[in-house]
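Please look through the sequence and the model below before reading on.

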Amino acid sequence: MTASDKRGLSISQLMAEPLELKKTLNLPKTDFPMKASLPQNEPKQLAAWEEAHLYEKILETRRGKPLFVLHDGPPYPTGTIHLGTGLNKILKDMIVKSESMAGHYAPYIPGWDCHGLPIETQVEKELGGKATVSAPEFRKLCREFANRYVEQHKRDFKRLGVFGRWNDPYLTMNFDYEATIAGAFLEFMEKGYVYRGRKPVYWCLHDRTALAEAEVEYEDHTSPSVWVKFAIADGQKPGNDVSAVIWTTTPWTLPHNRALAFHPDYDYAVVDTEKGALLLAVDRIAALQSECHIKEARVRETFKGSAFEGRKFQHPFLPLQVPGILADYVTLDQGSGIVHTAPGHGADDFYSGQKYGLETYAPLDDRGVYLEGLPEYKGKNVFEANPIIVKLLRDRGALLANHEYKHTYPHCWRCHNPVIFRATEQWFIKMDAIVPGREKSFRQEALDEVESVKWIPAWGEERIYEMVEKRPDWCVSRQRFWGVPIIVFYCDACGTRLEDFTALRNVLDWFRKEGADAWYQHTPEELLPAGTKCSCGSTKWRQEHDILDVWFDSGSSNLAVLHGPEWPADIYLEGPDQYRGWFQSSLLVATGIRNAAPFRGVVTHGWTLDEHGRPMSKSLGNVVEPAEICEKWGADLLRLWVASQEYQADVKMSERVMTQLSEAYRKIRNTFRFALGNLANFDSSRDALPDEQMEEIDRWMLDRTAELSRKCREWYASYEFHRVYHAIHDYCVVDLSSFYFDVLKDRLYTKAPRSKSRRSAQTAVWKITSALVRLLAPILVFTTEEIWKMLPTDKESTGSVHQAEFAEPDSLASGISREAAEQWARLAQVRSAVLLALEQARAAKAIGGGLEAKVKLHVGSEAPGLQKLLQERRDVLPALFIVSQVGVESAAPEGAVQSEVLPGLAIKIQRADGAKCERCWNYSIHVGENPRYPTVCERCTEALAEIESTT
């Protein structure tokens, strides 16, 4: 070493042995594993959260912040949770977590709907029939069954990473809740909304109870389709030789026929046929010929439907004449245009019956057995009677045609048996009542509230508006045991109903102490205040036996659970079936009691389907349960699936979908792994640089991350989780892994550990990672916690990522000029074009890796300003392109190729000048100039000198 070589070296450098080059590189170091092992690690994290009381700590962290309430719709605690239930709970959890991390106090109180048929059905299966035990014992068994499955559901929901008040959920069978339900009904009754009446309702013959519309599902069914003659019986024109024709798929209702309905404005014709003179709508003659195999049908004369009001028609097999009536619900899409009307077996029939003073006749018992009628069918079940009545029609010469008809038909939602419409004595809430103190009907007040709510998707508003607008009076009574009894007493002496509401509310105190079981365990004299008298002077009372509709139970949840500023809730979220279920019952109960909707917004998700678009069912063998997914893939993968879906439509699940998502998850995880590996020696309090000292590309990426954060927060606020997922995934894979982190590798690995350039990169990586892990926390609850534990940050106040808040975009942004940001965006475009050219050069074996390349560039007039930009930014281009050298030429180099992706850019790839640096692998003409490290380039000489000076 000459004297001139020694100049500029410190004494320690002259005396010490040269450093081992490999050990001077800052290679990534992290304990964050590449393999997630989610099925094994997630339960451990759950146990740690539970031990630390994380949910309570989150609430404590947010105390005093603006309140956000998502009110949980209560599922039935029966069986294991299915994929649709998992979708529902995860969506709710993502809303609550994102609102919490947006700076809200966001409690989540899970609930279960514990009363009603779903529980009774299961208990009856275990018992072999509820008649074997007393009502109090049966209710005790129902309570035990519900509690058992509530605990199972809790475990399954917690396994999905759902946070909430699991140690104190709301249950509709809780004593206070039961008192709230009963109290709400009393308030409806006191205001004048409630009446008892005989009306047709859906009736399940198997479960022997009335059903609400929300408890009816339409399934395929085969019914007998009959065309039947009713002879004109009054001798008036068109004459007694003519028979009106009706069509029905419920022959069993014909014994209870009390009228024939015509549309007043339709044209009706008498047609002469080989089966007699027949009266029907003109537009249905062709259908008559086709269905009844009639060859010729000559029109004799025509009439308006209004001509048949009050006319008499002979019942086909009973000694009974029935009137013609007019109704605008008569249509021409099926049948004859004349409707068989049985007021005891249909809603439209009933209202026509009320208008025309017809008998509401439905002499059936709870099993659907005829109590009255001809010997042929009396004592038979209605469905057993169908063929008997068809034979009666045939024998009496009244049957024109009979064949099987396949259609969708109402079935009980629990036992899946076909139901009937049956007129029974029930308790109803009047939809069109205008009670004292109110200016509008109950229906109109509810409709007004619909318009004040934000519905997501927007079509939800029209759906529920139409349902409320057209729904009949609400039948709120059920003939079961497991539920909240209707608090009604009748005088034992005169039958008068007790209307002393102060006395009736005395029962609520019993319910608060003992639950609704008190109704079955105490006498009326015990339940009512001492000495409660009827107007007739009697003090003996008997109790109502019906219980309340479970939809009234769950619809009262807003009254029982939401207190003070929690009411109304900010959001309800459920599936599309709840427009006729919980959404509607909640709206009606809250409007009736508090004169307002119980929610500010309602979100609807779709159904879960298999990969072929079929609903999941055990019979098809395509059911996928959350527990299976957690065991194979992990809950975070299931949550990623939920987040990736446009959940407002139906969503598909399959092995293929999960495999694709696992690859997406792996890429996201590896992005974080790279970041953590390069922050191993980074202390944010000591090493982070202020924005003005950071390199411009680092500041540009911070600004881009800030913009991503701003968008994601907006998407979270509008519950568009698929946008959040796709944006973060693309940012991790494309913007970070494939671009920014790729560019940073040289700076992070080869610069001196404490160099300003490397600290600038680490500062950016730290801030970006901190922002992204928080943005992902509502989705990947377990993975982000794992990342957070290893991320250099102050965790004293935020021990868990879920206690942290989203990064504020303004504080994340570094504030580079708009011009500089646009320049970096153009440089990124140039990089893409250069990388394509490098790939082509590699394929042609002109070079091996990118660092073997020298790139020469020239830009023509097609890209104004780009040539100047490249010249000004020449120093950063080698690192940006990950090549050894870049030249910006004044003219297109000989042999240059015009870029396919950036018009005007000419690119020439050739081998780099100089030798390969042993330390950084860049090629340089200065390799060999450093006698202490003769195999390194000038960049590494500088880095090594800095390393040695701080050693």
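Predicted model: local features only at pLDDT ≥ 70, side-chain atom pairs only at ≥ 80, totals over all residues.

Which residue is the bridge partner of Val228 in E6? The partner of Val228 there is Ile246, and this pair belongs to the antiparallel pairing of strand E5 with strand E6, which spans residues 242-248.

**Strand E5 and its partners**

- Strand E5 (residues 216-232) pairs in the antiparallel sense with strand E14 (residues 399-412) over 13 bridges, and within this pairing Ser223 stands opposite Tyr405.
- The pairing of E5 with E6 is made over 6 bridges, while that of E5 with strand E11 (residues 312-314), again antiparallel, is made over 2 bridges.
- In the pairing with E11, Ile232 has Phe313 as its bridge partner.
- The loop between E5 and E6 holds Pro238, and the peptide bond that leads from Lys237 to Pro238 is cis, with omega near 15°.

- Gly460, Ile464 and Val468 are buried in H13, and because they cover an arc of only 55° around the axis, they lie on the same side of H13.
- An α-helix has 3.6 residues a turn, so residues three or four places apart point the same way.
- The buried residues of H13 pack against helix H12 (442-450), strand E16 (454-456) and helix H20 (582-594), whereas the face turned away from the buried side carries the exposed residues Glu462 and Lys470.
- In the loop between E16 and H13 lies Pro457, and the peptide bond from Ile456 to Pro457 is cis, with omega near 0°.

**Helix H8**

- Helix H8 (residues 175-191) has 17 residues and reaches 24 Å from its first C-alpha to its last, which is close to the expected 24 Å.
- The buried residues of H8 include Tyr177, Ile181, Phe185, Leu186 and Phe188, and Glu178 is also among them.
- Just after H8 comes Gly192, which takes a positive phi of about 105°.

- Val883 lies in the loop between helix H32 (877-881) and strand E27 (885-888), and it counts as buried because its relative accessibility is 1%.
- Beyond its neighbours within four places in sequence, Val883 is in contact with residues including Leu838, Gly850, Leu851, Pro878 and Asn922.
- Val883 and Val834 are 49 residues apart in sequence, and their C-alpha atoms are 10.0 Å apart in space.

- Most residues other than glycine have a negative phi, and most peptide bonds are trans.
- His416 has a positive phi of about 65° although it is not a glycine, and its place is in the loop between E14 and strand E15 (420-429).
- Tyr719 likewise is not a glycine and has a positive phi of about 65°, in the loop between helix H25 (696-717) and H26.
- His416 is partly exposed, with a relative accessible area of 39%, whereas Tyr719 is buried, with a relative accessible area of 7%.

**Cysteines**

- The count of disulfides in the model comes to 0, and Cys536, which is in no disulfide, has its nearest cysteine sulfur, that of Cys491, 3.6 Å away.
- Cys536 counts as partly exposed, at 44% relative accessibility.
- Cys917 is buried, with a relative accessible area of 0%.

Methods: Residues numbered from 1 in each chain as written. Heavy atoms only, no water. Disulfide = S-S within 2.5 Å. Buried < 20%, exposed > 50% of the residue type's maximum accessible area, 1.4 Å probe, protein only. Helix = DSSP H or I, 4+ residues; strand = E, 2+ residues; numbered from the N terminus. Expected span 1.5 Å × (residues − 1). Contact = heavy atoms within 4.5 Å. Pairing = 2+ DSSP bridges. Arc of directions from axis to C-beta.
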